[in-house]
Amino acid sequence: MTPNHVLQSHHSMSSKGCSLRAAQVTLFPVRDMKLLYLIIPIVIISNIDLTAETKNEKKLDLSSLGIKYVNKKTTEPLDNSIHILQIDLKSNLVGPKVELGPDPDGNGKAEALLSDPRKLASHPSVLAFINTNPWDSFPNKEGKKNRSWYLGQPVDIHGLAGTKSIMRSTKPSGNASVWFDEKGKVYFGHKLVDTPKEATSGFQLIVLDGKLSVNEGGPRHPRTAIGTDKKSEVLWLVVVDGRQKGYSEGMNLHELATVMKNLGCWSATNMDGGGSSVMGLINENGKMKIMNSPSDRFLGVSRIRPLPMVLTIRKK
């Protein structure tokens, strides 16, 4: 952690040491603590209840562009707030674009600097974004890794990651990647002969050939998932809030997979989650708004964690 920023975070390890859970942060210099209440954005998320019958639903109409947003609240087995973006890929009105943080050392070990995801998604054509790949920091001379994530921190992105057919991070063939070809068609898993234009990776497939591919049980956390139908014509981007008792507890992988299957997914992948889980969407005034309620808090206020990359949806 740098002395000039207050950050709180928790990142758990994947097989490569990458995080599954990360806390969301709003960054501000310690010297500006007196301005705390002026600069921390207050994020108010509607407490929407959805059981077997939908009592209330929050929607944003971008239907003219083939985009539909719904925020649903479930109460079984626990309280959960689910943010769902449904995107019509076959309309050819919008398309995927990966945005990565700056590469600090070219061909060196670091693949990106952690950046504010809103800045990564600041291009005027961006309509929405979500977090994607897990990552990790580098050990210091004592072999310890700083996981108090801060803006400008050099990190190693895990899994396939790239944009405009240039891969910043590569990975041998596997089923955890989610990538798009030149025509914007989405694929789950890749081979060495594949030529992705926009590429991301998660932890594992949770829906395969229309069936759940993960076991029941396991810990509940905030989650991010990407899925598509059998014809790869519809893309679902899903964020589940978590670690907020009485509002949203989070889901285990089986519960997340069930959500994705019920949406209509033929394939779906669990991406990085925890405090990293974030979804942005333009509002009726064309301003980017964080739609979910991130899990980390400072003085009771949500904070946005810096990320190495995001998947954006752009208007063509």
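Helices (H or I, at least four residues) and strands (E, at least two) are DSSP runs, numbered from the N terminus. With that in hand, here is a short tour.

## About the model

This is a predicted model, in which local features need pLDDT of at least 70 and side-chain atom pairs count only at pLDDT 80 or more, while totals for chains, interfaces and linings use all residues. Residues are numbered from 1 along each chain as its sequence is written, and side-chain values use heavy atoms, with hydrogens and water left out.

Let us start with helix 3, which covers residues 253-263. At its N-terminal end sits a cap: a side-chain oxygen of Asn252 lies 3.1 Å from the backbone nitrogen of His254. This is a polar contact (a pair of N or O atoms within 3.5 Å; within protein, one must be able to donate a hydrogen and the other to accept it, and residues adjacent in sequence count only if both atoms are side-chain atoms). After the helix comes Gly264, with a positive phi near 120°.

The buried residues of helix 3 are Leu253, His254, Glu255, Leu256, Ala257, Val259 and Met260. Here buried means under 20% relative accessible area, exposed over 50%, and partly exposed in between (1.4 Å probe, protein chains only). Those buried residues pack against several strands, among them strand 16 (223-228), strand 17 (234-240) and strand 18 (267-270). Strand 3, strand 14 and strand 15 are also on that list. Contact is counted for heavy atoms within 4.5 Å.

The peptide bond leading from Glu76 into Pro77 is cis, with omega near 0°.

Two residues other than glycine have a positive phi. For Ser165 the value is about 70°; this residue is in the loop between strand 9 (161-163) and strand 10 (166-169), and is partly exposed at 41% relative accessible area. For Asp209 phi is near 55°. Asp209 lies in the loop linking strand 14 (204-208) to strand 15 (211-212) and is partly exposed too, with a relative accessible area of 45%.

Three strands make an open antiparallel sheet in the order 5-8-7. Its edges are strand 5 (112-113) and strand 7 (135-136), each pairing on one side only. Two strands pair if DSSP finds at least two bridges between them.

Strand 5 and strand 8 (residues 154-157) run antiparallel and are joined by two bridges. Leu113 has Pro154 of strand 8 as its bridge partner.
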